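This note is meant for a colleague who is meeting the structure below for the first time.

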Amino acid sequence: MRTDLRNKVVLVTGASSGIGRATAVAYGEEGAKVAITYHSNEDGARETARLVTEAGGTALVVRYDLADERCIRDAVGRVAEEWGGIDVLVANAVVWSEAIPRPGQPVPRFEDVPAKQWQEVLRTSVDAVFHTLQAVLPWMRGRPWGRIVLLGAGLADTGKAGAGAYGAGKSALFGLMRSLAWELGPDGILVNMVVPGQTSTETVRAHVPPGFLEEKGKTLPSGRMSAPEDVARAITFLGSAANGNTNGETLRVTGGA
Ligand SMILES: NC(=O)c1ccc[n+]([C@@H]2O[C@H](COP(=O)([O-])OP(=O)(O)OC[C@H]3O[C@@H](n4cnc5c(N)ncnc54)[C@H](OP(=O)(O)O)[C@@H]3O)[C@@H](O)[C@H]2O)c1
């Protein structure tokens with residue numbers, strides 16, 4: 001399958017760990033120029049850059065803050081100016097704090113959730129993607145092809161007590177993705193969403209008891225939880241020329257849950 005990713009410019013937000021890191025490395029294996037953003041874990045981003053280079057790609061590390069429009073626009077501008085444009089955007093970064101109650105943590109009554117907390121989750125999950133897209137698109141239009149992959153979440157379908165804002169944000173991205181597919185498709189830019197189920201990233205592992213993910217995996221149709229690399233493969237397919245005309249779709253990587 002030809003991905004046509006060699007020397008293509010790929011921006012993966014939130015690539016200092018987890019699904020973002022696995023995605024950056026997968027693009028590196030295809031010979032892409034991969035911009036890796038981080039928020040506070042610069043060492044993690046540098047480690048991702050090392051892995052991308054080792055895999056055969058070229059890496060650039062950039063700081064990016066979902067809560068800061070100026071920082072978003074500066075980060076995108078830096079990547080585009082360094083490499084002359086952007087071919088692929090993977091909007092993967094996430095702020096977890098407050099987004100989903102941890103196991104054992106009490107779930108506040110909905111009417112007690114501070115409006116500020118609700119707004120913060122939507123600001124970093126929806127507004128940040130708006131600002132990122134606005135900064136990226138002038139650099140993506142007019143190139144031979146473009147691809148955009150947004151990250152959804154299985155939780156937006158299933159729901160979870162205490163995760164209303166996170167679910168609302170991911171559902172908003174779904175609606176945005178569907179409209180952008182119409183708007184950008186005629187310019188050769190295909191827009192899709194990858195929907196992971198619970199995935200065994202370092203962050204998730206740090207917040208569940210030992211063995212939890214393995215046991216939960218056994219209850220899934222595939223018999224195991226997804227690894228970050230499973231999600232990365234779906235992203236790199238949709239976010240490459242191997243994807244010929246899949247547009248406005250969601251690809252679920254949930255093990256069949
Ligand atoms: N893991 C799952 O089970 C799961 C399930 C469904 C959907 N997802 C989705 O998959 C995506 C990746 O999740 P993950 O589990 O791989 O996450 P992760 O490993 O925790 O990584 C999160 C990334 O987001 C960055 N980030 C955090 N706060 C930020 C901020 N304020 N500004 C900019 N970047 C920030 C982190 O950077 P620093 O560490 O450098 O601060 C890190 O690179 C997310 O969109 C998530 O909603 C994940």
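How do the residues of the lining of the second largest pocket divide into nonpolar, polar and charged?

1. The model under review is predicted. In it, the lining of the second largest pocket comprises nine nonpolar, five polar and six charged residues.

2. The second largest pocket holds about 340 Å³ of space. It is lined by 20 residues, and those closest to its centre are Ala22, Ala26, Glu29, Glu229 and Ala232. Helices H1 and H9 each contribute at least two residues to this lining.

3. The two helices also pack against each other. The axes of H1 (residues 18-29) and H9 (residues 228-238) come within 8 Å, and they cross at roughly 55°. That angle makes H1 oblique to H9. The crossing of the pair is right-handed.

4. On the H1 side, the contact with H9 is made by Gly18, Ile19, Ala22, Thr23, Ala26 and Tyr27. H9 answers with Pro228, Glu229, Val231, Ala232, Ile235 and Thr236. Sorted by class, this contact has eight nonpolar residues, three polar ones and one charged. The reader may note that Ala22, Ala26, Glu229 and Ala232 take part in this contact and are also among the residues closest to the centre of the second largest pocket.

5. H1 has a further partner in H2 (residues 42-55): the two pack with their axes 7 Å apart, at an angle of about 25°. H1 and H2 are therefore roughly parallel to each other. Their crossing is right-handed.

6. The contact is made up of five nonpolar, three polar and three charged residues.

7. The largest cavity contains about 150 Å³ of space. Of its 17 lining residues, Ala93, Val94, Thr124, Ser125 and Lys170 are the closest to its centre.

8. Which helix gives the most to the lining of the largest cavity? H4 does, with five residues. H4 (115-140) and H6 (164-184) each supply at least two residues of that lining. By class, the lining has 12 nonpolar, four polar and one charged residues.

Terms used
Residues are numbered from 1 along each chain as its sequence is written. This is a predicted model: local features need pLDDT of at least 70, side-chain atom pairs count only at pLDDT 80 or more; totals for chains, interfaces and linings use all residues. Side-chain values use heavy atoms; hydrogens and water are left out. Axes are lines fitted to C-alpha atoms, for helices over the stretch in contact, and angles run from 0 to 180 degrees between N-to-C directions. Helices (H or I, at least four residues) and strands (E, at least two) are DSSP runs, numbered from the N terminus. Angles under 35 degrees count as roughly parallel, over 145 as roughly antiparallel, 65 to 115 as roughly perpendicular and the rest as oblique. A crossing is left-handed if the near helix is turned anticlockwise from the far one by less than a right angle, and right-handed if clockwise. Contact means heavy atoms within 4.5 Å. Ala, Val, Leu, Ile, Met, Phe, Trp, Tyr, Cys and Pro count as nonpolar, Asp, Glu, Lys and Arg as charged, and the others, Gly among them, as polar. On a 1 Å grid over the protein atoms alone, a cavity is a set of points where a 1.4 Å probe fits but cannot get out, and a pocket is an open set with protein on both sides within 12 Å along at least five of seven lines; lining residues have an atom within 4 Å of a point. Grid points are joined across faces, edges and corners, and a volume is the space filled by probe spheres set on the points.
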